Amino acid sequence: MRERRAAQERRRAREFEAFVAGAAGRLLRAATLLTAEPEGQPAPAAERLLTLALARTYAAWDRLRGEDPYDRARQEMAAHYAHSAWRARLPRALRPGTPPPPGGLLERLSPQERLVLVLRLYEGVAEEQTAAQLGLPAERVHTLCLRAVGHMRSTPRAGRSVSLGGEASRFERDVPDSPHLPDSSPPRRTEAAAP
């Protein structure tokens, strides 16, 4: 009996290690977006969030029964983030006239907006699933996502201008820093210099 239990524990540990080796990078990126810590620097809050999610996923490993462990870890991470930061104060960058923050890409968003944006756009979770996971109506999730995307587009972060060339050189558009936030807004008209 003891040998069988030890063999099960070794199998469980190997399966979990393989899962972490494959999924930890993407989960850490999602955690970093949630905590709004700057990219390319140590992210202790994101690491704590990921560690807690992975610990809870490991604790429930035997009960997953065909459930995707990545989904479980993401749900644990989102639930813990929502519980700890849901009612956090709005960041100072939301005040008009404030320059973009030096922190992470999503630092200027409220925790609710950040969570919905990461789940919907970065993780690709359906609106209804996001609403069910957060205990919100689907319309509220939709509104939060639209507001977050609008806010990200309205205040460019170190916006880079792209010239469309030729006659279109009178048009300029900001290119977002994140490939996950496509810019579908129409180009802005700028003053053309006389030739």
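For the residue classes used here, Ala, Val, Leu, Ile, Met, Phe, Trp, Tyr, Cys and Pro count as nonpolar, Asp, Glu, Lys and Arg as charged, and the others, Gly among them, as polar. The structure is a predicted model, where local features need pLDDT of at least 70 and side-chain atom pairs count only at pLDDT 80 or more, while totals for chains, interfaces and linings use all residues. Residues are numbered from 1 along each chain as its sequence is written, and side-chain values use heavy atoms, with hydrogens and water left out.

The second largest pocket comes out at about 210 Å³. A pocket here is an open set of points on a 1 Å grid over the protein atoms alone, where a 1.4 Å probe fits, with protein on both sides within 12 Å along at least five of seven lines; lining residues have an atom within 4 Å of a point. Points are joined across faces, edges and corners, and the volume is the space filled by probe spheres set on them. Around this pocket sit Thr35, Ala36, Ala45, Arg48, Leu49, His80, Tyr81, Ser84, Ala85, Glu107, Pro111 and Arg114. Helix 2 (44-59), helix 3 (69-85) and helix 4 (111-122) each put at least two residues into the lining, and helix 3 gives the most, with four. Helices are DSSP runs (H or I, at least four residues), numbered from the N terminus.

One of the lining residues, Ala36, belongs to the loop between helix 1 (2-35) and helix 2. Alanine 36 has a positive phi of about 60 degrees despite not being a glycine. Its relative accessible area is 6%, so alanine 36 is buried (buried means under 20%, exposed over 50%, partly exposed in between, with a 1.4 Å probe and protein chains only).

Now for the helix pairs. Two packed helices are described by the angle between their axes and the distance between the axes. The axes of helix 3 and helix 4 come within 10 Å and cross at roughly 170 degrees, which means that helix 3 is roughly antiparallel to helix 4. Helix 3 brings Arg74, Ala78, Tyr81, Ala82 and Ala85 to the contact, and helix 4 brings Pro111, Arg114, Leu115 and Leu119; contact means heavy atoms within 4.5 Å. Seven of these residues are nonpolar, none polar and two charged. Axes are lines fitted to C-alpha atoms, for helices over the stretch in contact, and angles run from 0 to 180 degrees between N-to-C directions. Angles under 35 degrees count as roughly parallel, over 145 as roughly antiparallel, 65 to 115 as roughly perpendicular and the rest as oblique.

Helix 3 also holds glutamate 76, which counts as buried at 16% relative accessibility. Leaving aside residues up to four places away in sequence, glutamate 76 touches Ala53, Arg56 and Thr57.

For helix 5 (residues 127-134) and helix 6, the axes come within 8 Å and cross at roughly 105 degrees, so the two helices are roughly perpendicular to each other. Glu127, Thr130 and Ala131 of helix 5 meet Ala138, Val141 and His142 of helix 6. By class, that contact has three nonpolar, two polar and one charged residues.

Helix 6 (residues 138-154) includes glutamate 139, exposed with a relative accessible area of 58%. Glutamate 139 and glutamate 127 are 12 residues apart in sequence and 8.8 Å apart C-alpha to C-alpha. Leucine 146 lies in helix 6 and is exposed too, at 52%.
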